[in-house]
Amino acid sequence: MTYEELLTETALANEQVVVMTAENRALVRNLPGILGKRFIDTGITEQTMVGAAAGLALRGRIPVIHALTSFLTMRAFEFVRTDVGIANLPVKLSGFIPGFLSDGNGPTHQAIEDISLMRGIPNMTVFAPADEDDLVKMLPAIWQSKRPAYTRINTRKTSYQHADYLPGKAEVIAEGSDVTILTYGLLFEQALIALDILKSEGLSVGLINMRSLKPVDEQAILNAAKSNLVVTLEDHFLTGGLYSIVAEVLLKHRQTANVLPLALEERWFKPALLPDVLQHEGFTGKQIAEKILGYRTTSEQPEILLTEFSE
Amino acid sequence: MEKIALNVREHIIKMATDGGCFIGASLSATDLMVYLYTRFLNVNKDNLEDPDRDYLFLSKGHDVPALYGTLAELGIIEKSRLANHLSLNDHIYWHPNTHIPGIEFHSGSLGHLPSVAVGVAMDIKISGGNNKVVCILGDGELNEGTCWEAVLVANAYKLDNLIFVIDRNQFQANVRTEELIPLEPLKDKFEAFGAAVKRVDGHDFGQLEEAFSAYPFQPGKLNVVIADTVRGKGLPSIEERADRWFCNFSGQEIDQLLLELHGEAATTLTSETLIVR
């Protein structure tokens, strides 16, 4: 099932759902014809769209709203915080091309502080599915909740079949005593590759797909911290994302761990097509594994597919 | 100018492969950029750091292939660099950035550069310069409220050294502007906000010359030029098609499009069109 099919099914089953976009139609192309008046395109007006979504929610609607993540979470930030966050309205933000998925667009379109910004808003919940299968498994619970929600939309197709989603819980892919990789979103694909390489080098390796970053699965992080090394892997600035979340959880529970953060430190990434971006920034599965090992291997990096939409 | 514009269009078409580019918006803005750089703006490869140079801000941003092409034709960047589109070895990607000589500011998030241009124009007023400040906006971009805030502020500060040029190609990313968020009567809107407005055919160098030679249009007023253009101008198989916005063509299709540009053959395109914004 695709994102658009799930949204169509959800909106047809629940009259209260309205679909909005600030002229970002890539994922909702067929919905105007299907939903009629319940499809609202406000044009390139992210702030007004978010404010209007709050107004619709005041009247009992559940707006699922779309824009490129950088504009949805940053341009409209104060509208999200003030109109949706303070009022605690069930507005569902679908942020398109987060993180490395903005490939050749450049820094204006790079949302690599979105997790940090959105989780800082009281009442807001924050989700980052690993791929399309994970996305459609998570969204029904996200949309059914009464709380505002931000989802990093990721429609990449992988062959991985995810477990069912339990609200607020991480997905434990593997457990290991030497290293545990914590990750979310697009980089899950590369983490799976790294997992295989590390195992073939003889390590006992764990891998956790975080899924929900707020609320976060604290027990999953505490369990991971029992490994000799915890790796936080994310296409996000080092500040405010998963590395920060892990630090907060460990501190709260008076725990400590050896943590290797793999993130973007105080800089935007080099714009190019996605496979080139991952290679250049050192985020292919092979490169991730070798950073953890501290040495080169003869393992092969599988081909990385181009993004399906350039956005 | 016609010859330069044709060369720029060739450069644009060649960037619409191996990852693609925003070809439609680039082709609509080509004649505007060529006119401004060759006739109106005091900008050349030797004065890029001169505080007395004129400024051009490209606000909609995704039309940057037209700017890359124009800068190459003017000798401000090497033509050979255009082949580096989307390469890790250069900075030529889908939106403008200041690693490219001649690009004054990065853009890509709509409705930002009208305000940045206001700030530059304000300083020129404070410092007493004669520089002109041009900001090119897309018509879809005018959805963003910050564009109108900038017009209000420019009016309040009597910025007659500032010119907003609207690339009025009638399209948002996916649909016609008038079918989504109508802008007309656009001239009246700007005039109601206090600007002095001229509306011209943005592909007619004579009309562009007539309009810009009247600068400043009225003392103490923001200048606005609404340039009526055609999205995809020069390629009939792309012109005014909502689904030909961001395109990633095959090498063979690029060859066909270059022939079409020179009026030699009609083109059949099969490549998927990608939708970005």
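This is a predicted model: local features need pLDDT of at least 70, side-chain atom pairs count only at pLDDT 80 or more; totals for chains, interfaces and linings use all residues.
1. Two strands are said to pair if DSSP finds at least two bridges between them.

2. How many of the five residues of strand S4 of chain A are buried? Five of the five are buried, and the strand is mostly covered. In a regular strand the side chains alternate between the two faces of the sheet. In S4(A), A:Lys92, A:Ser94 and A:Phe96 lie on one side, while A:Leu93 and A:Gly95 lie on the other, and both faces are covered.

3. The loop that leads from helix H5 (77–85) to S4 of chain A contains A:Asn88. Although A:Asn88 is not a glycine, its phi is positive, at about 50 degrees. A:Asn88 counts as partly exposed because 14 other C-beta atoms lie within 10 Å.

4. Chain A is divided into domain 1 (3–152) and domain 2 (171–293). The centres of these two domains, taken over C-alpha atoms, are 26 Å apart. Contact between them involves 26 residues of domain 1 of chain A and 27 residues of domain 2 of chain A. On the domain 1 side, the elements that give two or more residues are helix H6 (114–119), strand S5 (125–127) and helix H7 (132–144) of chain A. By class, that side of domain 1 holds 13 nonpolar, seven polar and six charged residues.

5. An unreviewed UniProt entry lists residues 1–157 of chain A as "domain: Transketolase-like pyrimidine-binding". Over residues 1–157, the chain is 41% helix and 17% strand.

6. Another part of chain A contains an open sheet of five strands in the order S7-S9-S8-S11-S12, with mixed pairing. Its edge strands are S7 (171–174) and S12 (259–264) of chain A, each of which pairs on one side only. On average, neighbouring strands of this sheet are turned by 20 degrees against each other, direction ignored. Helix H12 (residues 285–293) of chain A packs on the sheet and touches S8, strand S11 (229–237) and S12 of chain A. The direction of H12(A) makes about 145 degrees with that of S12(A).

7. Inside this sheet, strand S8 (residues 179–183) and strand S9 (residues 205–209) of chain A run parallel and are joined by five bridges. One position may be followed in detail: the bridge partner of A:Ile181 in S9(A) is A:Leu207.

8. The contact between the chains may be considered next. It takes 28 residues from chain A and 29 residues from chain B. On the chain A side, helix H4 (69–75) and helix H11 (274–281) of chain A are the elements that give two or more residues. H4(A) gives the most, with three residues. This side of chain A has nine nonpolar, 12 polar and seven charged residues.

9. A:Pro215 lies in the loop between strand S10 (212–214) and helix H9 (218–224) of chain A. In chain B, the bond from B:Tyr215 to B:Pro216 is cis, with omega near -10 degrees. B:Pro216 is placed in the loop between helix H8 (205–212) and S5 of chain B.

10. Two further loop residues of chain B may be examined. B:Gln170 lies between strand S3 (162–168) and helix H6 (177–180) of chain B, and its phi is positive, near 75 degrees, although the residue is not glycine. B:Gln170 is partly exposed because 18 other C-beta atoms lie within 10 Å. B:Glu239 lies in the loop between strand S5 (223–228) and strand S6 (246–247) of chain B. B:Glu239 also counts as partly exposed, because it has 16 C-beta neighbours inside 10 Å. Leaving aside neighbours within four places in sequence, B:Glu239 is in contact with B:Val230, B:Arg231, B:Gly232 and B:Lys233.

Key:
Residues are numbered from 1 along each chain as its sequence is written. Chains are lettered from A and ligands numbered from 1 in the order in which they are written. UniProt positions are given in the numbering used here, feature names are shortened, and annotations may be inferred rather than shown by experiment. Helices (H or I, at least four residues) and strands (E, at least two) are DSSP runs, numbered from the N terminus. Axes are lines fitted to C-alpha atoms, for helices over the stretch in contact, and angles run from 0 to 180 degrees between N-to-C directions. Two residues are in contact if their C-beta atoms, placed from the backbone, lie within 7 Å. A residue is buried if 20 or more other C-beta atoms lie within 10 Å of its own, exposed if 12 or fewer, and partly exposed in between; C-beta atoms are placed from the backbone. Ala, Val, Leu, Ile, Met, Phe, Trp, Tyr, Cys and Pro count as nonpolar, Asp, Glu, Lys and Arg as charged, and the others, Gly among them, as polar. Domain bounds come from an automatic or database domain assignment.
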